[in-house]
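Please open the model in your viewer and keep the selection panel at hand.

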Amino acid sequence: MKTISPLSFMPILTSNVWGGHRLPEFVGVPAPHADPIGEAWMLSDVDGNLSVVADGPHAGRTLRDLIAENPAAIFGANVPPDGRFPLLFKFLDARQELSVQVHPSDEQAARLKGPGHRGKTEAWVILDADPVTSRVYAGFRAGMTAERFREAMAEGTVPDTLHNFTPKAGDCVFLEAGTVHAVGANILLFEVQQTSDITYRLFDWNRVDAKTGQPRQLHIRDGLECANFAAGPCEPVTPRRVGDRDRLVDCRYFTLDHLNGDTPVSVGAAGECRVVVCLQGTGRIGDTPLRAGSVVLLPAALGEVKVVPADKLRVLEIAIGAPCSST
């Protein structure tokens, strides 16, 4: 990786039965078809969905190629043991409710899927929600037990077992692995998660897939094994002021900060890999333009750079946690 610069990638759009039609315009690409699109993967090292650099000197190359060529340039001293980018960044547009689901921890993923599989701890930042119809389901109601939850699955009343609230733009929801959850209807959000595609569906709102005429598969045994009944309700996080930013999440896998204003601000750090996500406004990082929907990787070798707003700008900065084994 001879040229060190901010890296932007081509969005990967996926159709989903619950999706809407806002994402292509939001991330700045043409809609590939008329079907609903639920997800835009903006930075991915997931097999089968590898992010490709959109422009600049590395245009056309995958993130995995760049890591293989010079992992220290991307990660600094904190190169993951498996050499893969440890986080996945995406936007979601939920016109309907997503399934009630749960993700495993690293240890559970390795036991259930085999060595090399990561678990999935994640965080959401709500970008838009309907004050009447939108709900977020996050964690069990107080006192919920595995036995009572099994009864609710048999009765089709799973949502009644979950803590829920009306989200608003700006809310951040942190979901540790094991938290049973669902995104409700009419919500646009940003998600950062561990690089993992392991999802166990426990309830799908009694829907039938229009293409197959069948309900989607549920994963009751593995899902119940991963569900953390001791965690209880999960509320939006309370931001903590750290210097010029609001710290939303600080966990072993990533930190998530929110920056808001119309004056230049520093992002990135020498020897650390960071990712900047633009939620609102326009501006630039060096020669790289920023607009709502932009996701920009700042390689460790790039160091500290300035975000220069053209108007009032809201961005997230995500730092990768210390590497850990995925075995």
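Which residues does S134 touch, not counting residues up to four places away in sequence? Select S134 together with A129, F165, T166, P167, A185, N186 and I187, which are the residues in contact with S134 on that count, where contact means heavy atoms within 4.5 Å.

Before going further, note that this is a predicted model, in which local features need pLDDT of at least 70, side-chain atom pairs count only at pLDDT 80 or more, and totals for chains, interfaces and linings use all residues. Residues are numbered from 1 along each chain as its sequence is written, and side-chain values use heavy atoms, with hydrogens and water left out.

Stay with S134, which sits in the loop between β8 (122-129) and β9 (136-140); helices (H or I, at least four residues) and strands (E, at least two) are DSSP runs, numbered from the N terminus. S134 has a relative accessible area of 0% and is therefore buried, a term that means under 20% relative accessible area with a 1.4 Å probe, protein chains only. A polar atom of the S134 side chain lies 2.8 Å from the backbone oxygen of A185, and the side chain of S134 also reaches the backbone oxygen of N186, at 2.9 Å.

Next, select helix α4 (residues 106-113), whose buried residues are D106, Q108, A109 and A110. Just after α4, look at G114, which takes a positive phi of about 110 degrees.

Definitions and conventions:
Buried < 20%, exposed > 50% of the residue type's maximum accessible area, 1.4 Å probe, protein only. Polar contact = N/O pair within 3.5 Å; in protein donor to acceptor, adjacent residues only side chain to side chain.
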